[in-house]
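Dear colleague,

Below I am handing over the structure we spoke about. Please keep it open while you read the notes that follow.

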Amino acid sequence: MTIYIGREASKLWKRICAEITTEINLLFENWKYILAGLIFQYIHGLSARGVHYLHRPGPTLQDAGFFLLPELGQDKGYISETLFTCIFLSFVLWTFHPFICKSKKIYTVLIWCRVLAFLVASQFLRIITFYSTQLPGPNYHCREGSKLARLPRPESVLEVLLINFPRGIVFGCGDLIFSSHMIFTLVFVLTYQKYGTHRFIKHLGWLIAVVQSLLIIASRKHYTVDVVVAWYTVNLVVFFIDKKLPELPDRSSGAASFFLPLSTKDRDIKNKEENHKLMNGNSVDPADRRQRTQVNGKIVEDANGVHNDANAMNGV
């Protein structure tokens, strides 16, 4: 038993090291996209903090969801946040499963490049929306009489840039249309829907997204319109951006490594090899095995063995 455990541990360690090497190479190729996506997360948080200074508390608007769903109460508002935290952590852990599991379909760096692209596009639309019209927040700390409903004028630029994380994010007001929690939830569910391998988890993901929507409304963190707009906006954003982005290589096939992005040095070497083959009259495609004969400076292809020989080509 001890020998077996030691052998399996050695295999796991080798697998992790090989995966780290692969992912580091991919990170060198795509670090600009990762960095840009992370910077925009800060810009999104800064925008949400800025609109809080513009928020003016008022009577809660009439809402169909508030009428249909009973209010959870301020002491149970943590339920929706707990579910969202589980969704977020579960997705993050899934994106890193290639470091441990033998069966793998994705590359961690490439999947996060895609996810960040979806998030950035959706959050950009969200910023435009909640700055266009500020609605009175339905959350408890955003209602009339609450000290957190309005922010005093900032004393310095640094106070705004620091966004009072994480309190400034949790107790924000005014960034309503549309729900940021639903942006993350739907992007994660849609990504797993395409690249996940377990059908049960895919169905469970959609069920959890519906439950998350209902909990957000029941806890009065958003109006129903905020959740509804998020559902069709995020789905459309993911649909159109996914069409524009290059497809990810499928690691479940044996030739996955063939589709890995090449480094600049490797790409130059490959281009030189292809040019050399073309100069010699050889096919660049390794699957193309047709015989080629050079006659009078021209290359003649013999695909099925039915071409005339060189003498016939010269009229002899």
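**Val-115 and its surroundings**

Leaving aside neighbours within four places in sequence, Val-115 is in contact with Phe-91, Val-187, Phe-188 and Thr-191, where contact means heavy atoms within 4.5 Å. Before going further, please note that this is a predicted model, in which local features need pLDDT of at least 70 and side-chain atom pairs count only at pLDDT 80 or more, while totals for chains, interfaces and linings use all residues. Residues are numbered from 1 along each chain as its sequence is written, and side-chain values use heavy atoms, with hydrogens and water left out.

Val-115 also belongs to the largest nonpolar core, which has 41 residues, and it is listed there among those with the most contacts inside the core, together with Trp-94, Ile-111, Leu-119, Val-187, Phe-188 and Val-234. A nonpolar core is a set of buried Ala, Val, Leu, Ile, Met, Phe, Trp, Tyr and Cys residues joined through side-chain atoms within 4.5 Å; buried means under 20% relative accessible area, exposed over 50%, and partly exposed in between (1.4 Å probe, protein chains only). The elements that give two or more residues to this core are helices H1 (2-54), H3 (78-95), H4 (108-132), H7 (180-195), H8 (199-218) and H9 (224-244), and H7 gives the most, with 10 residues. Helices (H or I, at least four residues) are DSSP runs, numbered from the N terminus.

**Aromatic rings**

Phe-84, Phe-88, Phe-91, Trp-94, Trp-112, Phe-184, Phe-188 and Tyr-192 form one aromatic cluster. Rings of Phe, Tyr and Trp (its six-membered ring) pair if their centres lie within 6.5 Å, and planes under 30 degrees apart count as stacked, over 60 as edge-to-face and the rest as tilted. By this rule the count comes to 14 aromatic pairs. The rings of Phe-130 and Tyr-131 have centres 5.3 Å apart and planes at 40°, so this pair is tilted. Phe-130 is buried, at 1% relative accessible area, whereas Tyr-131 is partly exposed, at 34%.

**A loop residue**

Glu-144 is found in the loop between H4 and helix H5 (157-161), and at 56% relative accessibility it counts as exposed. Beyond four places in sequence, Glu-144 is in contact with Pro-57, Gly-58 and Pro-59.

**Confidence**

The chain averages a pLDDT of 82, and 76% of the residues score at least 70; pLDDT is the predictor's confidence in each residue, from 0 to 100. Over residues 254-263 the pLDDT is below 50, and it stays under 50 over residues 283-290 as well.

With best wishes
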